[in-house]
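Colleague: I would like to go through this protein with you. Please set each value against its definition.

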Amino acid sequence: MKLTEFIQEYLKMSRYIALGTLDGILAVMGVTLAASGVASAGGLDIPNYVIGLTGLSGGIALSLSNAFGSFIGERAEEARNLRELEQKMVIQEGALDDTLIHRQAKKRVYMSMFVHGFSSFIGAFVPVLPFILIPNRTTATLTTITLCFFALVILGIYLGKVSRKSLVKTSIEIVLIGVLIGVVSFLISGGH
């Protein structure tokens, strides 16, 4: 598959781009901000890069979980669709195996796996980079919050374009989800 064809296939999987990116940003933002808050509340002298690496390890676990979850779910869905198509065509179960239809289904399964996992991985970098690069805790925290909400607005615009709905409304919905997760993380960390 050529690179341009691969990119086109990637962009066609907008739901997995959205799910993965949203998961990566929000889950890792929650973990990172909670770890930062707990370290500060406990008076622990933990360098910011350790907090960033903690968030990143959560992001890697999330991206692998999302990738394999998509693989398992999509594989089951595609297998069911093939079996249903065989029934409608009144042909023997398994008759469509190794056909063009089957190969296209396998391609969709692997693309969903890659897109969901990769998007989660990329999203996970948004909240952790400030902690990895900025030694001051307050500055890193404020930068993380700013970057996450900026990324959520961009994701909202993307989803608004894909769904052909209001870009502003979609962005506000996505940002409000981020605010909710940020507040929960703040409360879990002891509110510091």
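Modeller: Start with a definition. Buried means under 20% relative accessible area, exposed means over 50%, and partly exposed lies in between (1.4 Å probe, protein chains only). Note that this is a predicted model, where local features need pLDDT of at least 70, side-chain atom pairs count only at pLDDT 80 or more, and totals for chains, interfaces and linings use all residues. Residues are numbered from 1 along each chain as its sequence is written, and side-chain values use heavy atoms, with hydrogens and water left out.

Colleague: Why is lysine 12 called exposed?

Modeller: Its relative accessibility is 61%. The cut-off for exposed is over 50%. So lysine 12 counts as exposed.

Colleague: What makes lysine 12 and glutamate 9 a salt bridge?

Modeller: A salt bridge needs a side-chain nitrogen of Lys or Arg within 4 Å of a carboxyl oxygen of Asp or Glu. Here the N to O distance is 3.4 Å. The pair therefore passes the rule. Lysine 12 and glutamate 9 sit three residues apart in helix α1, which means about one helical turn separates them.

Colleague: How many salt bridges does this rule give?

Modeller: The count comes to eight.

Colleague: What makes glutamate 84 and arginine 80 one of them?

Modeller: Their closest N and O atoms are 3.5 Å apart. The limit is 4 Å, so the pair counts. Both residues lie in helix α3 (residues 48–88), four residues apart, about one turn of the helix. Glu77, Arg80 and Glu84 are linked in a network of salt bridges.

Colleague: Where do the partners in the salt bridge of arginine 83 and aspartate 97 lie?

Modeller: The N to O distance in that bridge is 2.9 Å. Arginine 83 is in helix α3, and aspartate 97 is in the loop between α3 and α4 (100–133). They are 14 residues apart, and the pair links distant parts of the chain. Arginine 83 has 25% relative accessibility and is partly exposed. Aspartate 97, at 33%, is partly exposed too.

Colleague: How do you know that the reach of helix α6 is close to the expected one?

Modeller: Helices (H or I, at least four residues) and strands (E, at least two) are DSSP runs, numbered from the N terminus. The expected span is 1.5 Å times one less than the number of residues. Helix α6 (residues 167–188) has 22 residues. Its first and last C-alpha atoms are 32 Å apart, close to the 32 Å expected.

Colleague: Which residues of α6 are buried?

Modeller: They are Thr170, Ser171, Ile174, Val175, Gly178, Gly182 and Ser185. They cover an arc of only 125° around the axis, which puts them on the same side of α6. The arc is that of the directions from the helix axis to the C-beta atoms. On the other side, Val168, Lys169, Leu176, Leu180 and Leu187 are exposed.

Colleague: What covers the buried residues of α6?

Modeller: The cover includes α2 (14–41) and α5 (137–163).

Colleague: How many helices and strands does the protein have?

Modeller: It has six helices and zero strands. Along the sequence the pattern is α-α-α-α-α-α. Buried residues make up 39% of the 192 residues. Contact means heavy atoms within 4.5 Å. Of the contacts with a separation of 6 or more, 72% come from residues 24 or more positions apart.
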